[in-house]
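Let's take a walk through a protein model together. Keep the 3D view open and turn it as you read.

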Amino acid sequence: NMVAMLVIFAFGVILALGTASGLLAPFNEWLYNSVPFFAGYREPQKFACLIVIAYAYFGAMATAYSYKWLSRQPRFKEYSFAAMTVVFCLPLLSAPLMFWGFHGQLAVADYPVEWYAINDRLDAECTGDCVTLFLPWHLYMNYSFANRVIANPAPKFFGSYILSSNDPELEGATAYSTTEAQKTVQQTILPKLAAADSTVIDDLRASKIKFVLLAKEFDYERYNYLSSLPGLQVSIETPTLILYEVTP
């Protein structure tokens, strides 16, 4: 058991280092790109939970050993139970907001019904090499249905044909893998869209982008010009989403 916990601890340390730098960065990058489980490897600190498990195991062993040692000491024997009670309560006292949904910070939220309708439409029409560009172009932003800032849920909800931002927009944050398609959007397509450059339609077609899906969240108003851009037509508009189709 002790050896297993040491392995878990080492594994947690390696993964928590992330892909930004260091000798283990290439290994973590490979895990992120090749192993399905690691698709959620946006924040490497998530794997610190493995370190916590090891801490809990070895902490429990140390507590049990301390209790046995105190029980054998004539001077401390009568205080051993009280001391262990304090040790047991320390984790609860150090994080009192864990209870009741972390003081109301954790709550279940469902997607708007329009998301399901658009998903059915995309599943029916976006096949093969079809790509759907998701806007606003942010990795993290506030979504009204979640009532907080969250990571963009579109790729998981709508499917792998969604092309969305992977840029944390935090200075110095480099532990994010960016595809060529994402670079093309950020460096070429978005500037042309902002300038209402009609040649952007050719770039969309070249990138096999058939649809542009705009969520009416956060700063979506900055994309209002899409409705008047030649080559884009509104296919579906709902209270929370606008689906544009790139015309042939």
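Start with a single contact between two strands: Thr-132 has Ile-162 in β4 as its bridge partner. A quick note before we go on: this is a predicted model, where local features need pLDDT of at least 70, side-chain atom pairs count only at pLDDT 80 or more, and totals for chains, interfaces and linings use all residues. Residues are numbered from 1 along each chain as its sequence is written, and side-chain values use heavy atoms, with hydrogens and water left out.

Strand β1 (residues 131–135) and β4 run parallel and are joined by two bridges. Strands here are DSSP runs of E with at least two residues, helices are runs of H or I with at least four, and both are numbered from the N terminus. Two strands pair if DSSP finds at least two bridges between them.

Next, look for the hairpin. Strands β2 (residues 140–143) and β3 (residues 148–151) run antiparallel, with four bridges joining them. Here Asn-142 stands opposite Val-149 in β3. Four residues sit between the strands of this hairpin, and Asn-147 takes a positive phi near 60°.

What about the rings? The whole structure holds 16 aromatic pairs, counting rings of Phe, Tyr and Trp (its six-membered ring) whose centres lie within 6.5 Å; planes under 30 degrees apart count as stacked, over 60 as edge-to-face and the rest as tilted. Phe-27 and Trp-30 make a stacked pair, 6.4 Å centre to centre with 25° between the planes. Both belong to helix α2 (residues 25–34), where they are three residues apart, about one turn of the helix. Elsewhere, ring pairs link a cluster whose members include Tyr-111, Trp-115 and Phe-134.

Finally, find the largest pocket, with about 760 Å³ of space. A pocket is an open set of points on a 1 Å grid over the protein atoms alone where a 1.4 Å probe fits, with protein on both sides within 12 Å along at least five of seven lines; lining residues have an atom within 4 Å of a point. Of its 24 lining residues, Tyr-32, Pro-155, Ser-164, Asn-166 and Gln-182 are the closest to the centre.

How values were computed. Points joined across faces, edges and corners; volume = space filled by probe spheres on them.
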